Amino acid sequence: MLEPVCQADVDVVIVGAGAAGLAAAQHLTRAGLTTVVLEAAPTVGGRMATEKVDGFRLDRIGRLLSTSYPELRRTPGLDGLTLRPFSPGVLLHSDGRHHRAGALTPRSARGALTAARALASAPRLPRTTARSAYRPHRGQSGVPRPGPLGGPLDQTRLTAALARLAATPPERLLTRPEHPAAGSQAARGLPPRTVDGFLRPLLSALLCDPELTTSSRAADLALHSFASGRLCLPEGGADTLPELLAASLPPGTVRTGVHVTAVSTTTVTTRDHGRLTCRAILLATGARDAARLLPGLRVPAFHPVTVLHHTTDEPPLAEPALLLDADRGGPVAHTAVVSQVDPSRAPAGRALISSTVLGVPPSAAPLDAAVRAQLARLYGTPTSRWELLAVHHTADAVPAMPPPHDLRRPVRLLAGLYVCGDHRDTGTLQGALHSARRAAKALLADLGVQPVTAEEPLEAAA
Ligand SMILES: Cc1cc2nc3c(=O)[nH]c(=O)nc-3n(C[C@H](O)[C@H](O)[C@H](O)COP(=O)(O)OP(=O)(O)OC[C@H]3O[C@@H](n4cnc5c(N)ncnc54)[C@H](O)[C@@H]3O)c2cc1C
């Protein structure tokens with residue numbers, strides 16, 4: 001049985017101590033409600049778990065957060081969160097070389113916008129003249145091979161397109177026509193090689209969606225976040241974030257090892273800890289568990305994700321960069337020397353390389369062989385002696401967001417029964433935290449309680 005404090009006089013029971021459930025608990029306790037969070041697993045964090053192995057901190061997820069996620073700033077309890085940024089933009093690997101892409105500084109963005117305006121109003125140059133300005137990389141055969149970003153003109157167009165996206169308010173992006181992201185990239189006015197060599201691999205990595213079946217609006221939001229911030233990792237591992245949220249809740253709020261088997265508007269039944277009564281219930285499990293507890297709730301398709309962690313003595317890349325394979329020459333979508341981004345994730349003298357494979361992978365042994373072969377090419381160094389630390393596969397990693405995607409799925413099911421999590425918003429941490437804010441707001445309104453934080457617009461991002 002749960003201790004008596006949980007059985008009487010609890011205003012709200014939250015089921016699930018992932019990022020969404022814990023963020024909702026922050027909003028509700030700060031508004032003065034007594035809250036208990038029940039978590040089936042022995043630890044908090046849900047999908048934001050970090051495995052500790054021999055001094056390494058290995059995330060289950062190949063987490064790509066953006067410093068521009070509004071909810072990282074606005075969610076109470078996250079003041080102590082340190083974000084370790086990747087170097088600006090990304091490194092694209094193509095034809096044996098690294099190319100920096102998508103790094104926007106205020107000056108480069110302003111310059112690109114001015115140049116783009118000039119380009120738009122200038123008379124079109126004859127093709128021969130335009131091409132002569134660009135001397136592409138030549139392959140061994142002497143045949144010119146344009147890099148994934150094309151020439152300076154193409155790069156200016158790309159910078160201008162990203163600067164425009166960064167400057168467009170999310171609510172405006174959400175009014176644009178909606179299609180699958182794969183088909184809508186050409187409409188950005190960028191050359192096909194920029195779309196194929198940069199936008200597609202970048203969006204696949206940001207959305208965990210190799211086929212880009214995601215709604216173009218969600219893709220625009222992801223690019224908006226990318227262009228207006230820096231990709232980053234939580235210092236110490238993904239689990240730092242839920243642990244911070246849990247640590248600043250009143251003692252006894254979070255109960256781990258408690259599996260909920262049934263819910264109604266005022267009662268929660270657990271497998272081994274009896275029943276709890278309360279004024280309201282908030283389901284903050286993933287989509288599949290939510291539908292088990294409330295049959296009829298929609299279960300989206302999911303993008304599976306596999307993360308492989310390797311270690312070696314020397315970092316194969318000194319820069320804390322996110323490395324994408326523009327040539328798509330293997331299963332890895334993106335990789336990074338994570339210990340260069342966040343040194344706390346590896347013991348002294350060891351480098352930690354984390355690589356993300358999207359989609360359904362082959363079994364572990366052939367996957368590791370294919371990944372090593374690709375990493376040898378991407379980092380330009382032999383990988384056969386690297387040690388494999390862990391392979392983490394999550395089948396239900398990221399809820400799919402095909403068009404039409406409702407970025408504001410209802411969080412209030414009935415007065416007294418609410419639901420939140422990344423499946424109600426965008427399939428990202430930002431979406432999970434944002435859905436928690438919306439659910440807490442609806443719940444407080446039903447109970448006639450004023451939110452403690454000032455009313456703020458519900459900003460969108462992905
Ligand atoms: C491999 C991978 C890669 C990802 N990459 C990114 C990325 O690059 N960028 C990004 O922003 N996001 C990414 N995400 C998504 C992000 O991690 C999630 O959106 C976020 O963690 C979801 O939080 P949540 O609280 O909604 O759900 P969860 O973290 O799933 O939490 C739900 C909790 O409910 C608990 N629970 C379930 N059933 C019960 C029950 N019956 N009783 C009690 N407790 C229960 C679970 O144990 C779990 O702790 C990725 C996720 C994965 C797995």
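Colleague: Which residue in β11 does S66 stand opposite?

Modeller: S66 stands opposite L231 in β11, where strands are DSSP runs of E with at least two residues, helices are DSSP runs of H or I with at least four residues, and both are numbered from the N terminus. This is a predicted model, in which local features need pLDDT of at least 70 and side-chain atom pairs count only at pLDDT 80 or more, while totals for chains, interfaces and linings use all residues. Residues are numbered from 1 along each chain as its sequence is written, and side-chain values use heavy atoms, with hydrogens and water left out.

Colleague: What makes β5 and β11 a pair?

Modeller: Two strands pair if DSSP finds at least two bridges between them; β5 and β11 (residues 231–234) have two bridges, in the antiparallel sense, so they meet that definition.

Colleague: Why are β5 and β6 called edge strands?

Modeller: The open sheet of three strands has the order β5-β11-β6, with antiparallel pairing, and β5 (65–66) and β6 (83–85) each pair on one side only.

Colleague: Why are α1 and α14 called oblique to each other?

Modeller: Angles run from 0 to 180 degrees between N-to-C directions, and axes are lines fitted to C-alpha atoms, for helices over the stretch in contact. The axes of α1 (residues 19–30) and α14 (residues 429–447) come within 8 Å and cross at roughly 40 degrees. Under 35 degrees counts as roughly parallel, over 145 as roughly antiparallel, 65 to 115 as roughly perpendicular and the rest as oblique, and α1 and α14 are therefore oblique.

Colleague: Which residues of α5 and α8 make their contact?

Modeller: Contact means heavy atoms within 4.5 Å, and here D154, L158 and L162 of α5 meet R193, T194 and F198 of α8. The helices α5 (residues 152–167) and α8 pack at an angle of about 65 degrees, with their axes 11 Å apart.

Colleague: How do you know that R188 and D220 meet in a salt bridge?

Modeller: A salt bridge is a side-chain nitrogen of Lys or Arg within 4 Å of a carboxyl oxygen of Asp or Glu; the side chains of R188 and D220 meet at 2.7 Å, N to O, so the pair qualifies. By this rule the count comes to 24 salt bridges.
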